[in-house]
Amino acid sequence: MIINGMERKDNEFYELHIAGLTRYLQKFSVSDNLDIAAFILFGDVELAECCARELLKKVPDFDYIVTPEAKSIPLAYEMSKQSGKKYIVARKGVKVYMDNPVKVSVRSITTQKEQTLYLGHEDGDLLTGKRVLIVDDVISTGESLKAVQELVEKFGGNIVAMCAPLAEGDSASREDIVFLEKLPLFFK
């Protein structure tokens with residue numbers, strides 16, 4: 001198989017069909033018995049645009065988008081651009097401009113360690129009583145979603161949906177999320 005002008009082994013990549021596009025996702029080991037296919041929106045403007053368009057067709061009305069830092073930011077930006085609604089980023093660290101930040105800890109499959117998400121009152125207070133759409137790039141264990149959900153609830157936001165282009169592994173059977181395609185896990 002030739003990908004980006006280079007000869008590659010078929011088993012190194014997963015062929016993904018999503019939002020009318022085809023992408024080849026490189027597989028990476030996350031443990032001795034498990035590989036995942038890396039879905040990376042950074043730098044792929046066409047993919048972000050198409051996934052945003054298709055997700056917006058599937059989600060209910062909302063006032064704000066909230067997304068965890070960092071891989072889902074291009075998608076949140078594009079969904080904001082297409083919908084005309086503001087997006088807010090739950091940050092991985094406290095910034096000097098954050099007003100009295102609230103924090104929630106999370107452990108996701110891709111980071112493999114505990115991390116903390118922060119949302120300051122300058123953004124969080126905007127969510128009070130508003131319809132909030134939580135956006136991520138891939139829903140796998142759901143831990144990142146739980147952390148963002150907890151932050152939104154601490155500010156009194158009303159979560160109307162949680163979405164991502166891909167639901168990985170068992171997450172594809174969840175009924176409380178909106179997604180475009182399933183992404184398999186690769187057991188060794």
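Select Ala19 in the loop between strand E3 (13-18) and strand E4 (21-31). Helices (H or I, at least four residues) and strands (E, at least two) are DSSP runs, numbered from the N terminus. Ala19 has a positive phi of about 50°, although it is not a glycine. Is Ala19 buried or exposed? With a relative accessible area of 19%, Ala19 is buried. Here buried means under 20% relative accessible area, exposed over 50%, and partly exposed in between (1.4 Å probe, protein chains only).

A note on the source: this is a predicted model, where local features need pLDDT of at least 70, side-chain atom pairs count only at pLDDT 80 or more, and totals for chains, interfaces and linings use all residues. Residues are numbered from 1 along each chain as its sequence is written, and side-chain values use heavy atoms, with hydrogens and water left out.

Now select Glu69 and Ala70. A cis peptide bond joins them, with omega about 20°. Ala70 sits in the loop between E6 and H2.

Move on to helix H2, residues 73-83. Which residues of H2 are buried? Show the side chains of Pro74, Leu75, Ala76, Glu78, Met79 and Ser80. Contact means heavy atoms within 4.5 Å. Just after H2, pick Gly84, which takes a positive phi of about 80°.

Zoom out to the whole protein. Count four helices and 14 strands. The radius of gyration is 17 Å, close to the 16 Å that the globule rule gives for 188 residues, so the protein is as compact as a globular protein of that length. This radius is taken over C-alpha atoms, and the rule is 2.2 Å times the number of residues to the power 0.38. Along the principal axes, the C-alpha atoms fill a box of roughly 50 × 35 × 35 Å.

Colour by burial to finish: 47% of the 188 residues count as buried. Among contacts between residues at least 6 apart in sequence, 60% join residues at least 24 apart.
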